[in-house]
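Please read these notes next to the model.

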Amino acid sequence: MSDIVVAKRYARALFEVAKEKGIISQVEEELKSVASAIKENADLQKILNHPNVGTSSKTDLLKQIFEGKVSEPVWNTLLVLIDKGRQSILNALVNEFAKVADEALGQATAVVYSAAGLSDAQQAEVASQFSKITGKTIRVSNVVEPKLLGGMQVRIGDRLYDGSLLGKLDRLSKALV
């Protein structure tokens, strides 16, 4: 079974527990923090992914780092991942949990690529406009991409809205050829 399929199952199960306890946003933030902490520490990654390090040693290490700092559902999920040898799917689990939570809460994240950084007012305007289009509450994440020359590209899920100068030039070039 692929890691994505497994991550989706874990994410749905964790979402149901978080929903029952009313801590969906908290669980999402904690998952992101845990994944980020592990990703930023190469030694921790090596230990968690090493096949010769026992489950109890990995669990003890995670206890020292995360126990008491994350909610019970997140802690139990970490323990299950370690116990089942699936710690490598943590990043996929975080992404899948965010998708499930966004869908259930009527939210979406718009990744806005622009030639220059957007002000808070501009981000709010983008969120407002795309909320009307999608019917969801939009959270904006801005990525500066100088090669766009001007304008912006907005990615929401697997849909791309391209209003960049680079995109317009590409379309014009294809039309002329």
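1. Helices (H or I, at least four residues) and strands (E, at least two) are DSSP runs, numbered from the N terminus. Residues are numbered from 1 along each chain as its sequence is written, and side-chain values use heavy atoms, with hydrogens and water left out. The model is predicted: local features need pLDDT of at least 70, side-chain atom pairs count only at pLDDT 80 or more, and totals for chains, interfaces and linings use all residues.

2. The chain has eight helices and four strands. In order from the N terminus, the elements are α-α-α-α-α-α-β-α-β-β-β-α. The radius of gyration of the chain is 20 Å, well over the 16 Å that the globule rule gives for 177 residues, so the chain is more spread out than a compact globule. That radius is taken over C-alpha atoms, and the globule rule is 2.2 Å times the number of residues to the power 0.38. The C-alpha trace spans about 65 × 35 × 35 Å along its principal axes.

3. Of the 177 residues in the chain, 34% are buried; buried means under 20% relative accessible area, exposed over 50%, and partly exposed in between (1.4 Å probe, protein chains only). Among contacts (heavy atoms within 4.5 Å) with a separation of 6 or more, 67% join residues 24 or more positions apart.

4. Helix α5 covers residues 72-83, and its 12 residues should span 16 Å at 1.5 Å a residue; the end C-alpha atoms are 16 Å apart, which agrees. The expected span of a helix is 1.5 Å times one less than its number of residues. Just after α5, Gly85 has a positive phi of about 70 degrees.

5. Leaving aside residues up to four places away in sequence, Gln87 touches Leu48, Asn49, Lys58, Leu81 and Ile82.

6. For α6, 16 residues at 1.5 Å a residue should span 22 Å, and the end C-alpha atoms are 22 Å apart, which agrees. Its buried residues are Leu90, Ala92, Leu93, Val94, Glu96, Phe97, Ala98, Val100, Ala101 and Asp102. These pack against α1, α2, α5, β1 (107-114) and β2.

7. Leu149 sits in the loop between β2 (137-144) and β3 (152-156). Its phi is near 70 degrees, a positive value in a residue other than glycine. Most residues other than glycine have a negative phi. Leu149 counts as exposed because its relative accessible area is 53%.

8. What does Leu165 touch, not counting residues up to four places away in sequence? The contacts of Leu165 are Leu148, Leu149 and Gly150. Leu165 lies in helix α8 (residues 165-176) and is partly exposed, because its relative accessibility is 39%. From Leu165 to Gln153 is 12 residues in sequence and 9.6 Å in space, C-alpha to C-alpha.
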